[in-house]
Amino acid sequence: MEASASSFRRILEIDLTDAQASFNLGSVLEAQGEYQQAVLAYEGAIALDPKYAKAYAGVGSAYMQMRQLDRAIAGYRAALGLNSALADTWNNLGDALAQKREYAEALNCLQTALKIKPEFAGAYCNLANVAFLIGNLDTAWDYCQQALALEPEFPEALNNLGLLLFAHNRVEEAIASYERALAVKSNHINALWNRALALLKLGNFAEGWVEYEWRWKIDFMTPPSFAQPTWDGSALEGKTILLVAEQGLGDMLQFIRYVPLVAQYGGRTIVQCPFSLTRLFATCSQISHVVDSEAKLPEFDVYAHFMSLPRILGTTLETIPAAIPYLNPTEKYLLLPAITPSTQLKVGIAWASGYKDETVILLKDYKKRSCPLSCFIDLLKIPEVSVYSLQVGKDVADLYDYLGNTPGSLIADLSDRIHDFADTAAIVTQLDLVISVDTSIIHLAGALGKKTWVLLPFTADWRWLLGRNDSPWYPHTMRLFRQPQLGDWESVFCEVAIALQELLRDRHQ
């Protein structure tokens, strides 16, 4: 490729008006990963020939590689404005629009690509991806099979097939599909990452945690850059280690449990985390210093990311550090409002997960973890139960949308009293039970050793494993309620209602 690029540059030295050479140079530079230089070469071709449609498409492709979606879309649209018969460009435009969640237009573009080129495996593959993202799994399956019928070893389609199998909890089959994709394209980052999640879901931690390091190659995860080396598990006497919190707040609450294990290696421990967790994590005695993610870091010698610690420390399913509670805040920052007799069962609930769709490949719509507040309505009416909302953020509005301007007769809205996780912890310590969808609340409750019931979608996150109603991460205190099929919250809440009545009976005995 280097020789090819040199040849095209030489041609342009001889003939500055050769638009084809400039376009070809852009194609080579793009293939080399020199995306910004590729854009310049494509734009050079356009300057020489303003009606060069494929050069505009090249600009779009290079910007797509740089994750600059708006510029990519502009390039594709300009190309199609000059030549509407470019099937590849319609396909690429559909892919870019899908990544911006403009699904309706994305579908139209992909269907147009197929009208121009009926046996277009790439367009079928992207149609499968869009159908998957909007929750039409059966349609996604059909499109994926059509792509593979045209091109049986198409790595993108094999990766999509793996995602669909995973979504149906056919995890071993999903791994086989990812491995077929990797046999064709060994550096297929999404397949490598998805395989890691599948291995973890099967409880294969020995392989899974090693493969989990592929997360740093995924578009939405960028590791912080430090001059200091990463910790390799060696002794820390006389050194300072920085532990970097990563991903969602629930992940941070779950993996802060590793601090005591790291402390056993000697040295001084600093934890970097979002501001909302600093006050709570500061109560951990083994942490020397907690620093806000936006603040200047003190000096340190080595560092490790929270979710690399299981690999570094060799965690298996049998050796999960599960000394519960592992968060023990000593100061009570808040008191529950005195609205119910103390003899009632105090239950905290959360119905909406704030998990951001740009941080996950599988089932990107965060609402798939969430359930409607209406699912809780029968639980709110049980006379012996007092219910407290632990929900914060925009979803608090559900209380007033569903229950009217004065929901307090059924549920206490505590959102105005919660400013960080220390506040939430103070409330949770005073409750008898937490019932929540898969969000940070359940990890906080689990870390505090509170009885916790987790409401899980059919395709639950890897950390909940397969088919279990308990969790080795939170033994004895946590119970899992799983959807028996996709979208079936009704069955989950029927099971929860029965369990709650049993709990109330036990209290009376």
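Modeller: Ser389 stands opposite Asp413 in β7. That puts us in strand β6, which pairs with strand β7 (residues 412-413) in the parallel sense over two bridges. Two strands count as paired if DSSP finds at least two bridges between them. Strands are DSSP runs of E, at least two residues, and helices are runs of H or I, at least four, numbered from the N terminus.

First, the basis. This is a predicted model: local features need pLDDT of at least 70, side-chain atom pairs count only at pLDDT 80 or more, and totals for chains, interfaces and linings use all residues. Residues are numbered from 1 along each chain as its sequence is written; side-chain values use heavy atoms, with hydrogens and water left out.

Back to the strand. β6 also pairs with β5, again parallel, over five bridges. Lys346 has Ser386 in β6 as its bridge partner. How many of the five residues of β6 are buried? Five of the five, so β6 is largely enclosed by the rest of the structure. Buried means under 20% relative accessible area, exposed over 50%, partly exposed in between, with a 1.4 Å probe and protein chains only. Val385, Val387 and Ser389 point one way. Ser386 and Tyr388 point the other way, and all are buried.

The buried residues of α22 are Trp489, Val492, Phe493, Val496, Ala499, Leu500, Leu503 and Leu504. They cover an arc of only 145° around the axis, which puts them on the same side of α22. The arc is that of the directions from the helix axis to the C-beta atoms. Glu490, Ile498 and His508 are exposed, on the face of α22 turned away from its buried side.

Last, the geometry of α22. Its 20 residues (489-508) should span 28 Å at 1.5 Å a residue; the end C-alpha atoms are 29 Å apart, which agrees. The expected span is 1.5 Å times one less than the number of residues. The N-terminal end is capped by Asp488, with a side-chain oxygen 3.4 Å from the backbone nitrogen of Glu490.

How values were computed. Polar contact = N/O pair within 3.5 Å; in protein donor to acceptor, adjacent residues only side chain to side chain.
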